[in-house]
Amino acid sequence: MTSSLPADLSCPHVEPRAGSLRLSRIVAGMWRIGDWGMTVEQRVTFIEQCLALGVTSFDHADIYGNYSAEGLFGAALHAQPSLRDRIQLVSKCGIKLISPARPQHAIQHYDTSAAHIIASAEESLRQLQTDRLDLLLIHRPDPLMDFDDVADAFTRLRAAGKVLHFGVSNFSRHQFESLNRRVALVTNQIEFSPLHTAPLFDETFDGLHDLGVAPMIWSPLAGGRLFTAADARAEALRHVIKEIADRISQPFSSVVFAWIMQLPSKPLPLTGSGRIEAIAVAVAGTTFTLSRADWFAILRAARGHEVA
Ligand SMILES: NC(=O)c1ccc[n+]([C@@H]2O[C@H](COP(=O)([O-])OP(=O)(O)OC[C@H]3O[C@@H](n4cnc5c(N)ncnc54)[C@H](OP(=O)(O)O)[C@@H]3O)[C@@H](O)[C@H]2O)c1
């Protein structure tokens, strides 16, 4: 599959908001790191292989792997400290899971109080064995969220040098704009793929584009369902993507990443794989664009009907 990839693949870097931080256009997602069964040395090697492809940004959350994923990555940074200044660390907070790692949690809930945001960010620093996060996101909108309280927590974390930039995840356009009026947000990390096209039509992308803020995209391959879903719509979609991929001599997944990155809000897709070949295929999606006809052919197959 990777035989058709250029040998000199190098992921571009972008500012998700002008004047903020630089992230690699493809960001390596660490949700599944515990499933990869890697030793510390293998995790160091994986990070170094990502860097060789120009993928320098790594996405975490406090809760990934039942509160264990940041620690696995942190152990790799401890083993190879020179990696830290060559990467950007993104993490998230605000969800409290029922977990053996948090026996005090009696119910799964959200907590976006200033006290929890600050305590969670400080715990992420300990787990990741670093002195700063490059970017901290509120993981999900919280019905009890007080925008002023969140802005206060962000301001205090920035003043302490513990977190350099801030954003949100899974926020509606209105929620994003409400918090962004109080403190400059650099991204909204949202779900988007050919199997989840809602953000094209609910103003999420339009609103971010208008503000000059690039979304980050989670589950760009629909968590793998793009390859496995057995319903007729997914079968037809796979057929269309494969026909385009074969015709333009690109890997199937590269076409999906290119389709996502073609949006004018300039999304930064996350990867979810521990296979370096899968990261390379995502980076290859930065090297070409689709014709409008091919872009809309994927949208048509995704939705099961033409645009009006
Ligand atoms: N903000 C949020 O609420 C939120 C929610 C979920 C995730 N995220 C972030 O987004 C990142 C990416 O999400 P995701 O893992 O769902 O991404 P994804 O890329 O949509 O899915 C990754 C899955 O697809 C599989 N896959 C990739 N290429 C494949 C192929 N050619 N054939 C078959 N299977 C293939 C992978 O398996 P292999 O491992 O075998 O390659 C992996 O299980 C996460 O790591 C996390 O950082 C954020």
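Student: Let's start with one residue. Is N170 buried or exposed?

Tutor: First, remember that this is a predicted model. To call a residue buried, we ask for a relative accessible area under 20%. N170 has 18%, so N170 counts as buried. You'll find N170 in the loop between β9 and α6 (173-180).

Student: Which other residue has a positive phi without being a glycine?

Tutor: Take S219, with a phi near 50°. S219 is in the loop between β11 and α8. S219 is buried too, because its relative accessible area is 17%.

Student: Back to N170. Which side chain does the side chain of N170 join in a polar contact?

Tutor: That of S169, at 3.1 Å. S169 is part of strand β9 (residues 163-169). Its relative accessibility is 1%, so S169 counts as buried.

Student: What else does the side chain of S169 reach?

Tutor: The backbone oxygen of H139, at 3.5 Å. If you skip residues up to four places away in sequence, S169 touches I138, H139, R140, P141, N188, Q189 and W218.

Student: H139 makes me think of the ligand. How far is an oxygen atom of the ligand from an N or O atom in the side chain of H139?

Tutor: That distance is 3.4 Å. The side chain of Y64 has an N or O atom 3.3 Å from a nitrogen atom of the ligand. With W31 the backbone takes part: one of its polar atoms is 3.2 Å from a ligand oxygen.

Student: How much of the ligand does the protein bury?

Tutor: Taken alone, the ligand exposes 910 Å², and the protein buries 82% of that.

Student: Which residues come nearest to the ligand?

Tutor: There are 25 residues around the ligand, and R32, D59, S219, G223 and S273 come nearest.

Student: Now for the inside of the protein. How many residues are in the largest nonpolar core?

Tutor: It has 90 residues, and those with the most contacts inside it are V55, F58, F73, I117, L136 and F154. Helix α10 (residues 252-261) gives the most to this core, with eight residues. There's also a second, separate core of 11 residues, which includes L137, V186, A214 and L268.

Student: Let's zoom in on F154. What is F154 in contact with?

Tutor: Leave out the neighbours within four places in sequence, and you get I117, L136, I138, F166, G167, L179, V183 and L185.

Student: And α10? How many of its residues are buried?

Tutor: Here's the general idea: an α-helix has 3.6 residues a turn, so residues three or four places apart point the same way. Now the case here: 10 of the 10 residues in α10 are buried. Among them are F252, V256 and I260.

Student: What covers the buried residues of α10?

Tutor: The cover includes the strands β11 (216-218) and β12 (268-271), and also the helices α8 (225-228), α9 (232-247), α11 (276-284) and α12 (292-303).

Student: How do I read a strand such as β12? Which of its residues are on each side?

Tutor: L268 and L270 are on one side, and P269 and T271 are on the other. They are all buried, and both faces of β12 are covered.

Student: Which strands pair with β12?

Tutor: Strand β3 (residues 27-29) pairs with β12 in the parallel sense over two bridges. β11 and β12 also pair in the parallel sense, over two bridges. You can check the partners: A28 is bridged to T271, while I217 stands opposite P269.

Student: Why does T271 count as buried?

Tutor: Because its relative accessibility is 6%. Beyond the neighbours within four places in sequence, T271 is in contact with I26, V27, A28, G29, F257, I279 and A282.

Student: How far apart are T271 and H196?

Tutor: They are 75 residues apart in sequence and 16 Å apart in space, going from C-alpha to C-alpha.

Methods
Residues are numbered from 1 along each chain as its sequence is written. This is a predicted model: local features need pLDDT of at least 70, side-chain atom pairs count only at pLDDT 80 or more; totals for chains, interfaces and linings use all residues. Side-chain values use heavy atoms; hydrogens and water are left out. A nonpolar core is a set of buried Ala, Val, Leu, Ile, Met, Phe, Trp, Tyr and Cys residues joined through side-chain atoms within 4.5 Å. Buried means under 20% relative accessible area, exposed over 50%, partly exposed in between (1.4 Å probe, protein chains only). Helices (H or I, at least four residues) and strands (E, at least two) are DSSP runs, numbered from the N terminus. Contact means heavy atoms within 4.5 Å. A residue is near a molecule or strand if one of its heavy atoms lies within 4 Å of it. A polar contact is a pair of N or O atoms within 3.5 Å; within protein, one must be able to donate a hydrogen and the other to accept it, and residues adjacent in sequence count only if both atoms are side-chain atoms. Accessible areas come from the Shrake-Rupley method with a 1.4 Å probe; for residues, only the protein chains shown count as cover. Two strands pair if DSSP finds at least two bridges between them.
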